[in-house]
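Subject: Handover of a structure and notes on its helices and aromatic residues

Dear colleague,

Please find below the structure that I am handing over to you. My notes on it follow, and I would be grateful if you read them with the structure open.

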Amino acid sequence: MSRPKTPSKTIKLYWQALRPYRGWVWMHLVLVAAAVALQSIAVPYLLSEGLGELPGFLAKPGADFWAAFGTIITLYLLAQAGVWLFWRISGIALVKMQIGVVRDLEQSVFNHLTTLSYRFFTGSFSGALVTQANRFVSSFERLYDSLAFDILSLAIRISFSFLIIFMFAPLVAWGLLAFCALYIVSAVILFKKKMPASARSAAAHTKVTARLADNLTNVSAIKYFARERDEIRAYGDITTHHYLAARRDWILQELIHAWQAILMIGFESLVFVFSLKLVADRQIDLGQLVLIQALIWSIFGNLWNVGRVARNIERSLADAAEMTQILMLEPEVKDPPHAPATTITKGH
């Protein structure tokens, strides 16, 4: 079997499946962006504004509470209502789009498999084909969710956080931007190097599933020829191979997580000390200090998931690779163009 540039081929196949639903896709992405902007940027900003007004309010005994905080409270409630509304509508758009794409992918895989020659199936395990087909479809869901909910969300949080912090603490804003760039680039490079290990783990898991399915399908033949011990031994060899491949994959992932944790702890400690110094020098107020910390921790939540997102993406592409290669195969037997319909006049 030829080995094309599988990731790019997989993405092309998924993109073709998305095209009929592109209106729902854009609607979903815009609503997710709006919800994230309100939830992770507007809400913390309004909270910091409230905290910033609090010392002045307390310094004036008898001051009117609603005059001081009424506008902030109203905007805060509207922002929370907007978050709820945007997430709910985006969920409807996601259902409309994703379920349709999954159905189309399942049909495309089935249609292609039925056009392949009999010789292809004599050299393939039915259990493996079922596993590869299911992985190809489920990989689309994981890949889209990672792009829509993680990468888009992270881009919005970093962009708006930089702009807001830059207004009152430019050095902190530039430091945040540099840190995010270092973190993301290192995560992408490290997980790209880990991708072959994930591909080997996925391939080994396919063999485990295929062997189990085929043994259960042909259990009568195993019993007739008393092959139980041989099959148990062979299955043990396959599961051991999968165990070793999966263990290496997970060890590499833990090493990457350790590096990412060091970056986060070091940067957050520097920002905390520097922000306290800015407050002590009266260059920023307490509300702005809280806002910096809230925005950074909001970004950290997404950044920490960059490893998981990168893993999901590379694992999705690795899981889809085997079926993608099958979908790239041309049927060995084809009807000639403009072939006349077969007509049978006698049954003998």
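Predicted model: local features only at pLDDT ≥ 70, side-chain atom pairs only at ≥ 80, totals over all residues.

**Aromatic residues**

I shall begin with the aromatic rings. Over the whole structure, a search finds 16 aromatic pairs. One of them joins Phe65 and Phe69: the ring centres are 5.2 Å apart and the planes stand at 40°, so this pair is tilted. Both residues belong to helix α3, which covers residues 65-115, and they are 4 residues apart, or about one turn of the helix. As for accessibility, Phe65 is partly exposed, with a relative accessible area of 37%, whereas Phe69 counts as buried at 7%.

Trp174 also takes part in an aromatic pair, together with Phe162. Their rings are 5.0 Å apart from centre to centre, with 70° between the planes, and the pair is edge-to-face. Phe162 lies in helix α5 and Trp174 in helix α6 (residues 170-217), and the two are 12 residues apart.

**Helices and their bends**

Helix α3 has 51 residues, which should span 75 Å at 1.5 Å a residue; its end C-alpha atoms are 74 Å apart, so the two values agree. A kink of about 30° is centred on Thr71 in α3.

Helix α5 runs over residues 126-166 and has 41 residues. From its first C-alpha to its last it reaches 58 Å, close to the 60 Å expected at 1.5 Å a residue. This helix has a kink of about 30° as well, centred on Leu147.

Helix α6 has 48 residues and reaches 66 Å between its first and last C-alpha, which is close to the expected 70 Å. At Lys194, α6 bends by about 40°, and a proline, Pro196, follows within four residues.

**How α6 meets α8**

Two packed helices are described by the angle between their axes and the distance between the axes. For α6 and helix α8 (residues 228-280), the axes come within 9 Å and cross at roughly 170°. Because angles over 145 degrees count as roughly antiparallel, α6 is roughly antiparallel to α8. The residues of this contact divide into 27 nonpolar, 11 polar and 7 charged.

Ile41 is found in helix α2 and is buried, with a relative accessible area of 5%. Ile41 and Ile158 are 117 residues apart along the chain, and their C-alpha atoms are separated by 9.8 Å.

Arg22 is also found in helix α2, which covers residues 22-58. Arg22 is partly exposed, with a relative accessible area of 49%. Between Arg22 and Glu231 there are 49 Å from C-alpha to C-alpha, and the two residues are 209 residues apart along the chain.

In helix α3 we find Leu94, which counts as buried at 16% relative accessibility.

Asn215 lies in helix α6 and counts as buried at 17% relative accessibility. Asn215 and Ile232 are 17 residues apart along the chain, and 9.9 Å separates their C-alpha atoms.

**A residue in a loop**

Where is Arg282 found? Arg282 is in the loop between α8 and α9, the latter covering 286-327. Its phi is near 60°, a positive value in a residue other than glycine. At 74% relative accessibility, Arg282 counts as exposed.

A colleague

Terms used. Residues numbered from 1 in each chain as written. Heavy atoms only, no water. Expected span 1.5 Å × (residues − 1). Bend = angle between axes of the 7 residues up to and from the residue. Phe/Tyr/Trp six-rings, centres within 6.5 Å; stacked < 30°, edge-to-face > 60°. Buried < 20%, exposed > 50% of the residue type's maximum accessible area, 1.4 Å probe, protein only. Axes fitted to C-alpha atoms, helices over the stretch in contact; angles between N-to-C directions. Parallel < 35°, antiparallel > 145°, perpendicular 65-115°, else oblique. Nonpolar A, V, L, I, M, F, W, Y, C, P; charged D, E, K, R; others polar.
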